[in-house]
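Biologist: Could you take one part of this model and walk me through it slowly? I'd like to hear how it sits against the rest of the chain.

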Amino acid sequence: MTDPAFAIKNEVQRLVEVQIDTLRKPSSLTSSELDEYHSRSERITTLYEKLDLIARKRFYSRPQTAA
């Protein structure tokens, strides 16, 4: 079975790279480029929330042992 977190991390990495490339443009962003940038930013936030949920589920599903 594939780890869903792996696919999410790959997508986040790809989106972040596009964000960086967008900010490196020598000219000002057009209105549509700014809208796309904002949409990617929201998508990145959503994906990080999913990763957080996966991590929390894994943490709480582990058997707890006394130290």
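Modeller: Let's take α2: its 31 residues reach 45 Å from the first C-alpha to the last, close to the 45 Å expected at 1.5 Å a residue. That expected span is 1.5 Å times one less than the number of residues, and helices here are DSSP runs (H or I, at least four residues), numbered from the N terminus. Keep in mind that this is a predicted model, where local features need pLDDT of at least 70 and side-chain atom pairs count only at pLDDT 80 or more, while totals for chains, interfaces and linings use all residues. Residues are numbered from 1 along each chain as its sequence is written, and side-chain values use heavy atoms, with hydrogens and water left out.

Now for what α2 hides. Its buried residues are Glu33, Arg40, Ile44, Leu47, Leu51 and Ile54; buried means under 20% relative accessible area, exposed over 50%, and partly exposed in between (1.4 Å probe, protein chains only). Part of the cover over them comes from α1, and the buried residues of α1 in turn pack against α2.

That partner, α1, covers residues 4–23. Ala5, Ile8, Val12, Leu15, Gln19 and Thr22 are buried there. Seen down the axis, the buried residues of α1 fall within an arc of 105°, so they line one face of the helix; the arc is taken from the directions between the helix axis and the C-beta atoms. Over on the other side of α1, Phe6 and Lys9 are exposed.

Leaving aside residues up to four places away in sequence, Leu15 touches Arg40, Arg43, Ile44 and Leu47, where contact means heavy atoms within 4.5 Å. With a relative accessible area of 31%, Ser41 is partly exposed.

Further along α2 you'll find Arg58, partly exposed because its relative accessible area is 42%. Arg58 touches Asp3, Pro4 and Ala5, again not counting residues up to four places away in sequence. Asp3 also caps the N-terminal end of α1, with a side-chain oxygen 3.1 Å from the backbone nitrogen of Ala5; the cut-off for such a polar contact is a pair of N or O atoms within 3.5 Å, and within protein one must be able to donate a hydrogen and the other to accept it, with residues adjacent in sequence counting only if both atoms are side-chain atoms.

Last stop, the rings. The structure holds one aromatic pair. The ring centres of Phe59 and Tyr60 are 5.1 Å apart and the planes are at 80°, so this is an edge-to-face pair. Rings of Phe, Tyr and Trp (its six-membered ring) pair if their centres lie within 6.5 Å, with planes under 30 degrees apart called stacked, over 60 edge-to-face and the rest tilted. Phe59 counts as partly exposed at 40% relative accessibility, whereas Tyr60, at 62%, counts as exposed.

Key. Helix = DSSP H or I, 4+ residues; strand = E, 2+ residues; numbered from the N terminus.
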